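Here is a friendly walk through one protein chain, written for someone who likes to think in contacts and areas. Have the viewer at hand and follow along.

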Amino acid sequence: MSSLSCQWFCGAYVYPSGRFFNLSSSNTSNSSLAGFTIYCSNSQFTPGSSKNDLKFVLHDALDASGVNTTHARIAREGFCSQVRKLSNIERETSICINRGIDLGKAALHIAAEDDSLVSHSSVPLPVDDFLERLDHLSMGYCSRYSSSFTSSPEHFIHCLEKYLYVNKGFRRTGATNQSEPRALYLHSVLTHRSGSASLLSLLYSEILKMLRLWGFLSFDIEVFFPHDSSSTPRGYCKQKTKESDQSHVMTTQSLLEEMLKDLKDAFWPFQLDHTKSPFLRAARAANCSESTNDSDESAFELASVKAALHRLERGVWTSVRFGDMRRALSACERLIILQTDPKELRDYGALLYHCGFYKEALQYLTVYQDGQKESLGLIDNVEEEEALEKLKIRLNLILMEEGWSPPTDNKSFLRNNSEPW
């Protein structure tokens with residue numbers, strides 16, 4: 001598997017030194033990921049020889065198992081083309097301000113990739129058609145509430161929310177698992193009008209963006225992002241902002257991160273005991289984390305997981321409760337590209353371990369751990385650090401075995417033909 005590469009990415013993607021999460025920091029010693037590169041074999045640049053050159057696995061693994069990933073690669077490149085537009089200032093800019101990156105396009109490319117991964121359709125998701133739907137949503141407001149443009153900011157916001165949540169019937173769903181994955185993809189939200197808080201915030205901001213471009217907005221407006229499980233995004237006049245509102249302001253980066261983490265959490269293959277982080281759940285499944293007595297899992301749930309995995313290995317669609325390795329991997333890869341949290345490297349490495357990509361798993365875990373040491377950061381979770389060390393020891397022992405080769409069934413998680421929604 002050492003020759004795996006990410007064909008969809010044109011050019012070397014280098015994480016900037018000292019600019020991983022804290023974008024306002026100029027102290028390069030705080031960077032936990034300085035100097036590693038993700039590159040592809042068809043890069044216009046010459047790939048480096050550093051031990052920290054990293055390659056993604058998902059698309060090549062699917063190709064090797066007989067799944068055509070042409071549409072998935074095109075969609076991933078579309079997502080990357082939007083992420084390339086993110087400057088440091090852009091990352092911290094509110095989603096209500098006109099921007100270089102097109103959040104609607106980015107969200108639809110995410111949906112197009114996952115649709116291709118799970119449906120194996122010969123026809124790609126029509127991204128342009130759904131972009132037209134976004135435009136029609138804005139034009140529909142203009143035709144229905146044109147009088148609100150000359151009214152007070154409060155009346156305008158009232159009309160906009162009546163249009164979005166009453167006339168158009170968009171509603172919030174607290175989809176934290178796969179029971180309603182349609183809420184996590186923009187094209188499904190536009191079709192079924194039921195979505196997560198992040199995607200409803202995107203719709204709200206896209207309407208505002210278009211109205212501002214058309215010259216219909218004469219005041220600054222902000223979107224209040226709800227952190228509870230039921231409220232819908234709401235607007236407020238920026239001049240009336242209170243200090244307590246700051247934590248509810250979504251930036252371009254934080255909105256993309258929220259969308260991708262929703263997908264990662266929903267499709268993470270280890271769904272039991274949500275009091276633990278995704279990494280700890282994966283490490284526990286690998287017997288690298290101590291079991292706790294206060295877990296809410298039952299013998300029935302454990303038996304269900306075992307039966308579900310058996311059906312997945314035979315390529316049979318099974319209960320959506322037990323995750324989807326393909327979409328979890330794709331979410332992790334996009335989060336790494338977005339450069340948000342170094343822990344995404346660790347979580348991705350844990351998934352690769354369960355897929356049998358031991359060499360790549362060890363590489364990602366090592367880069368993460370080395371970065372943590374270089375940043376001299378305090379250990380914020382001893383249990384996670386111990387589980388990480390145990391997993392690395394196991395991987396080193398596997399790779400040290402004489403004549404080791406990747407297991408023949410390491411793609412079982414990637415082969416099943418479940419429907420996307």
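The report below goes from the overall fold to the core, the surface, the salt bridges and a few backbone details.

**Overall picture**

Please keep in mind that this is a predicted model. The protein chain holds 16 helices and seven strands. Of its 421 residues, 55% are buried. Take the contacts between residues at least 6 apart in sequence: 70% of them join residues at least 24 apart. The chain exposes about 18600 Å², and carbon and sulfur atoms supply 51% of that area.

**The nonpolar core**

In soluble globular proteins, nonpolar side chains tend to be buried together. Here the largest nonpolar core has 108 residues. The residues with the most contacts inside this core are Tyr-141, Phe-156, Leu-186, Leu-203, Leu-208, Tyr-348 and Leu-391. Both domain 1 (57-237 + 246-260) and domain 2 (270-322 + 341-400) contribute to the core, with at least three residues from each.

Leaving aside residues up to four places away in sequence, Leu-203 touches Leu-134, Leu-137, Phe-170, Leu-186, Val-189 and Leu-190.

**An enclosed helix**

How many of the eight residues of helix H10 (residues 278-285) are buried? Seven of them are, so H10 is largely enclosed by the rest of the structure. The buried set consists of Pro-278, Phe-279, Leu-280, Arg-281, Ala-282, Ala-283 and Arg-284. These residues pack against helix H9 (252-267), H13 and helix H15 (382-400).

Thr-340 and Gln-253 are 87 residues apart in sequence, while their C-alpha atoms are 8.0 Å apart in space.

Phe-216 belongs to the loop between helix H8 (197-213) and strand S6 (221-224). The relative accessible area of Phe-216 is 33%, so this residue is partly exposed.

**Salt bridges**

A search of the whole structure finds 18 salt bridges.

| Arg-73 | Asp-60 | 3.0 Å |

For the pair of Glu-77 and Arg-84, the setting is another one. Glu-77 has 21% relative accessibility and counts as partly exposed. Arg-84 is also partly exposed, at 38% relative accessible area.

Arg-172 is buried, with a relative accessible area of 18%, whereas Asp-228 is partly exposed at 39%. Elsewhere, salt bridges with shared partners join Arg-76, Glu-113, Asp-114, Glu-333 and Arg-334 into one network.

**Two backbone spots to check**

Most residues other than glycine have a negative phi. Arg-193 has a positive phi of about 60° although it is not a glycine. Arg-193 lies in the loop between helix H7 (186-192) and strand S5 (194-195), and its relative accessibility of 31% makes it partly exposed.

Asn-287 is not a glycine either, and its phi is positive at about 60°. Asn-287 follows H10, in the loop that leads from H10 to helix H11 (299-313). Is Asn-287 buried or exposed? With a relative accessible area of 63%, Asn-287 is exposed.

How values were computed:
Residues are numbered from 1 along each chain as its sequence is written. This is a predicted model: local features need pLDDT of at least 70, side-chain atom pairs count only at pLDDT 80 or more; totals for chains, interfaces and linings use all residues. Side-chain values use heavy atoms; hydrogens and water are left out. Helices (H or I, at least four residues) and strands (E, at least two) are DSSP runs, numbered from the N terminus. Buried means under 20% relative accessible area, exposed over 50%, partly exposed in between (1.4 Å probe, protein chains only). Contact means heavy atoms within 4.5 Å. Accessible areas come from the Shrake-Rupley method with a 1.4 Å probe; for residues, only the protein chains shown count as cover. A nonpolar core is a set of buried Ala, Val, Leu, Ile, Met, Phe, Trp, Tyr and Cys residues joined through side-chain atoms within 4.5 Å. Domain bounds come from an automatic or database domain assignment. A salt bridge is a side-chain nitrogen of Lys or Arg within 4 Å of a carboxyl oxygen of Asp or Glu.
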